[in-house]
Amino acid sequence: MDLHFGSLCVRNPNTKFDFARPHMEPIVASTTFSYDDPEALMEIFLGEKKGFIYSRWSNPTIELAENKVAALEGCGLGNTENLKLKARLFSSGMGAIQTLFMSTLKPGDKVIVQGTLYGGTNELLTKILSQFGITPLITELKNLNEIERISSSDKNVKMIYIETPSNPTIDCYDIESLCQIAKKNNQLVAVDNTFASPYLQQPFAYGVDFVVHSSTKYLNGHGNSISGVMVGKNIDFMEKDVFQYLKLLGTNSSAFDSWLLLQGMKTLEVRMQRHCSNALQVAEFLGANTKISRVNYCGLPSHPDHLLAKKQMRDFGGMLSFDLKGGLEAGKKLLRHIKLCSLAVSLGTVDTIIQHPASMSHVGVAKEICQQYGITDGLIRLSVGIEDVKDIMNDLGNALDAI
């Protein structure tokens, strides 16, 4: 039975156990799984038969969460493309991103990435993976002619990695056009879909090979567990190669975090609708304030990527950022005077979270990269929650008045 997105969020139609069908998914809190038949266990070890051996490898609760994410990323796409997806769940979004790069790239390979990239991903590429011979080419992904030139002229480029909308400047990138360039040059494309979630954006519709999420964020939505997910359409690669890296790197999720993710995803559709509605009203409110020089929200018609976002997203998301004219000192004053918004890192939770990227999430990114790509000292990032929007605006307005 083919279900629509909202129903897929709520239901797990394939949750079956020998004893009964539990109404709610159980937490299978077991490190290992025992068998009466030694030959059956041997067959599972050899890959001749499906089954569970050890929870670092796989676990029934983890598998349920993986299947749900894969179903959501492919919802509505299978009828036209015969699309099948496989997801793997990790202990964090960084675990998923690390495994993506390590399973697809080797020493000497290069990956084209944007400058407006999550600080952790930037540092992973520039400080860790670069030591193993994997080179990031930080480029303006909106300049398609330049991407085409680099992609076609350098045989060592093996992947284009896209984060859209981007963290923290909320830039959007043309997934379809970048995929066309990559495919022409036999390169992979991966998209970090964390800010959008599969409800707002489904990159596989545009030809990508992989999608990653920090499922800590919108997929879970409640700030109570950490996990990451990697989704791919090459089923054999996901089941063999990615599984091998997950198993041996030890980047697996836990049953309890997977269970919390399952509960969070039940309300993904309705949460995202409220996040989007609130964020647009907050963006319009901030745009009218004279102490702010720029509001970055792709739902505003004034945003340079508004039409692109409208094309490849269902709605515009719950993330925005804004530049204070007073720079860092204005930012400090603003953050000291907020009452409702939570001053914290992370995003995508039901409550509104505010932070200062240059001194927090992007503090480890080279200063010249931050300045080049708009991560200024006065930039404030806001993850708009699902509270009553009037309370969010009142809190921000009072804090802005105090500057």
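Accessible areas in this presentation come from the Shrake-Rupley method with a 1.4 Å probe, and for residues only the protein chains shown count as cover. By that method the protein exposes about 17,400 Å², and carbon and sulfur atoms supply 53% of this area.

Please note that this is a predicted model, in which local features need pLDDT of at least 70, side-chain atom pairs count only at pLDDT 80 or more, and totals for chains, interfaces and linings use all residues. Residues are numbered from 1 along each chain as its sequence is written, and side-chain values use heavy atoms, with hydrogens and water left out.

I turn to the overall form. The C-alpha trace spans about 70 × 50 × 40 Å along its principal axes. The secondary structure comprises 16 helices and 12 strands; these are DSSP runs, helices being H or I of at least four residues and strands E of at least two, numbered from the N terminus.

How many of the 403 residues count as buried? The share is 56%, where buried means under 20% relative accessible area, exposed over 50%, and partly exposed in between, with a 1.4 Å probe and protein chains only.

Finally, I would draw attention to one residue, Thr139. Thr139 lies in the loop between strand E3 (135-138) and helix H7 (144-153). Because its relative accessibility is 10%, Thr139 counts as buried. Setting aside neighbours within four places in sequence, Thr139 is in contact with several residues, including Ile112, Val113, Glu146, Ile150 and Tyr373; contact means heavy atoms within 4.5 Å.
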